[in-house]
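Student: Please take a close look at one part of this model. Start with the terms, then go through it residue by residue.

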Amino acid sequence: MHPVVLKSSQLILAGDVVGAENALATIADEQGDHALVSILDELQPKDLLAVMREFDSSRESVVNMLVTPEQFARSIVLEKKYGDRTSERLRAMMNAVIHRDYHAAHEYLEAIADIEGGSETLADYFADHYDEVFCFATSGSFAPQINPDSDPKIHTTWLMEKIEEIDHGLAFGNFIEDSRPVLSRSEVADGDWMETAWVLRYELTDAFEEVMITLRDRAQKMLELAEMALISEALGPVDAAGDEEESAI
């Protein structure tokens, strides 16, 4: 094990992630970028994740600039164990790496999609934009034709329709492959979730379908829970005394 790997791991364990990043950055300064890339292969994925969680696009790190797609994928799928994957933090961390280079996004997303837990991680990445992604999957546009402030029942009906459209597309095998882009990548080049969705849909079709299956299952579960809540509300509070009398009989 390279001494800097041991040092970095010890610093991260002690809570000094910045110090660990500085130790790694020194290798790049003194021995070159290739030397650091090799060292990152020796670093435990959870330690690499700790560094990436500390630095994003607002606070750049040489580690984020040099981490390979495979190294990144092995680390990012661990995020669920160490942080809230439904927050903007996951997106910021992923965007800092995936979109640092216009031509690199494909490789990083492919590496994530190919690893166990990758589809779930990508689904978590889109957690705050389910409606828009469902719309994009079925129409090629990110603008849901529904008022965001509409009645929950209207939104539920709309979501059920989108799920049916996705199920139909998947069943007949023409979900993605037979569709042409409605929007060009340059029109959605935000370095964020829209561009990520575009690259997945039009450059990594199989990966996008896997992500949509995961999102579809989550949405279905959400609808089922909402329906159970409505039924429970309609039935009203249980008469505890009545229950006791009935059970006594």
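Tutor: Helices are DSSP runs of H or I with at least four residues, numbered from the N terminus. This is a predicted model, where local features need pLDDT of at least 70 and side-chain atom pairs count only at pLDDT 80 or more, while totals for chains, interfaces and linings use all residues. Residues are numbered from 1 along each chain as its sequence is written, and side-chain values use heavy atoms, without hydrogens and water.

Take the loop that joins helix H9 (105–113) to helix H10 (118–125). Asp-114 sits in that loop. Asp-114 counts as exposed because its relative accessibility is 63%. (Buried is under 20% relative accessible area, exposed over 50%, partly exposed in between, with a 1.4 Å probe and protein chains only.)

Now go into H10, which holds Thr-121. Thr-121 has 0% relative accessibility, so it counts as buried. Its side chain reaches the backbone oxygen of Gly-117 at 3.0 Å. A polar contact pairs N or O atoms within 3.5 Å, one able to donate a hydrogen and the other to accept it; residues adjacent in sequence count only if both atoms are side-chain atoms.

For context, look at helix H8 (residues 88–98). Eight of its eleven residues are buried, so H8 is largely enclosed by the rest of the structure. Among the buried ones are Leu-90, Arg-91, Met-93 and Asn-95.

Last, helix H14 (residues 205–235) carries Gln-220. Gln-220 counts as partly exposed, at 26% relative accessibility. Its C-alpha atom lies 8.0 Å from that of Met-160, 60 residues apart along the chain.

Key:
Helix = DSSP H or I, 4+ residues; strand = E, 2+ residues; numbered from the N terminus.
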